[in-house]
Amino acid sequence: VDDLVFWLLSRVTGLSAFAVLSLSVLSGEALRTSVLDALASNRAIRRLHDVTTPLWLPLGAAHCVTLVLDRTARIEPLDLVVPFGVPYGPWQVGLGTLSLDILVVVTLTSWLRRFMSNGLWQWIHRTSYIAFVALFLHAATSGTDFDAPIVSAIAWSTAAALAVVGVSRIVWGRLPA
Amino acid sequence: VPAWLLRILAFAVSLGSVAGSTDYVLSHAKNPAAPLQPAVVDPVESEEPDPTPVPTRTPRPATATPTPRPTLAATATVSARISTPTGTVAVIVTLPPTEAPTARPTPPPTARPTPTVQISAAVRATTLPRITTTHHS
């Protein structure tokens, strides 16, 4: 298979993973705020949040695999774990690796939640905000399609909305319905 | 809104994002303004060296001219297998080593050695069928 096919697949899966991860962060924030209270109950939002993980996981994995298979990108399997090692874009690509590492830990600890204290799990789960910020910076600084108006408009507006809700959550706690 | 409808909406958003991304990426296959531009790996460097023995050129003696000496490039060897009604013929054409370009233009060589054709030992030589052209552009 030509390198170009892997390159196109990595871009498709990267954009899609960003969209689904945005939905995951939105549903997670909605559990602690009231932004989606008018749409559904907290239990329904929780189920929505749970179902987003099996949606973004294959997309993110496909993004990583296709980048490794694309010889032009020169991403080694070690670069998927250890950040900031890619020679031509160390921190741009490294932010994606950092985001992946954090999201893997967050996902694993969510699956193993019954074996740890609730406080520890919450603090680990809150690092997903850091992961999303790193993911957004990774996409904005290394994404091939992020300079396109339609892509950047959707991505920036989504990130800005999530940031507003996140900051509101930090400052005011649970928002009134 | 019930939970199952939210799940269906989540699947729809995911499929829609994949479809939309695919449509956009296929219609914009290349972006010259992409922020990261990794250098294209030279496929010649990644391949294994050709086991065919190639003639080597002895280095020239140093001269007093300040012009930097051109560096010798690898000898190019072109091999091909041609199927004929009487069998398969392997043809190996060894081109003479070429000189790499230098910062200062150098005059073209006046006489270039002609390419030599080497036939592998286990291959029987035969005449090639005449090539007939059917289309002209």
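# Salt bridges, cores and helix packing

Biologist: What makes the meeting of the side chains of A:Arg46 and A:Asp50 a salt bridge?

Modeller: The N to O distance between these side chains is 3.1 Å. A salt bridge requires a side-chain nitrogen of Lys or Arg within 4 Å of a carboxyl oxygen of Asp or Glu, so the pair qualifies. This is a predicted model, in which local features need pLDDT of at least 70, side-chain atom pairs count only at pLDDT 80 or more, and totals for chains, interfaces and linings use all residues; side-chain values use heavy atoms, with hydrogens and water left out. Residues are numbered from 1 along each chain as its sequence is written, while chains are lettered from A and ligands numbered from 1 in the order in which they are written.

Biologist: How do you know that A:Arg46 and A:Asp50 are separated by about one helical turn?

Modeller: Both residues lie in helix α2 of chain A, 4 residues apart. Helices (H or I, at least four residues) and strands (E, at least two) are DSSP runs, numbered from the N terminus.

Biologist: Why is A:Arg46 called partly exposed?

Modeller: Its relative accessible area is 38%. Buried means under 20%, exposed over 50%, and partly exposed in between (1.4 Å probe, protein chains only), so A:Arg46 falls in the middle class. A:Asp50, at 38%, is also partly exposed.

Biologist: How many salt bridges does a search of the whole structure find over all chains?

Modeller: The search finds 3. One of them joins the side chains of A:Asp3 and A:Arg71, at 3.6 Å from N to O. A:Asp3 belongs to helix α1 (residues 3–32) and A:Arg71 to the loop between α2 (42–69) and α3 (90–111) of chain A, so the bridge ties together parts 68 residues apart in sequence. A:Asp3 counts as buried at 13% relative accessibility, whereas A:Arg71 counts as exposed at 63%.

Biologist: What makes the pair of A:Arg11 and A:Asp145 tie together parts that are apart in sequence?

Modeller: The closest N and O atoms of this salt bridge are 2.7 Å apart. A:Arg11 lies in helix α1 and A:Asp145 in the loop between α4 (118–142) and α5 (149–172) of chain A, so the linked parts are 134 residues apart. A:Arg11 is buried at 6%, and A:Asp145 is buried at 4%.

Biologist: Which residues touch the most other members of the largest nonpolar core?

Modeller: They are A:Ile45 and A:Phe146, in a core of 40 residues. Two or more residues come from each of α1, α2, α3, α4 and α5 of chain A and α1 (3–27) of chain B, and α1(A) gives the most, with 11. A nonpolar core is a set of buried Ala, Val, Leu, Ile, Met, Phe, Trp, Tyr and Cys residues joined through side-chain atoms within 4.5 Å. Leaving aside neighbours within four places in sequence, A:Ile45 is in contact (heavy atoms within 4.5 Å) with residues including A:Leu31, A:Leu36 and B:Leu6.

Biologist: Why are α1(A) and α4(A) called oblique to each other?

Modeller: They pack at about 140 degrees, with their axes 11 Å apart. Axes are lines fitted to C-alpha atoms, for helices over the stretch in contact, and angles run from 0 to 180 degrees between N-to-C directions. Angles under 35 degrees count as roughly parallel, over 145 as roughly antiparallel, 65 to 115 as roughly perpendicular, and the rest as oblique. The pair is therefore oblique.
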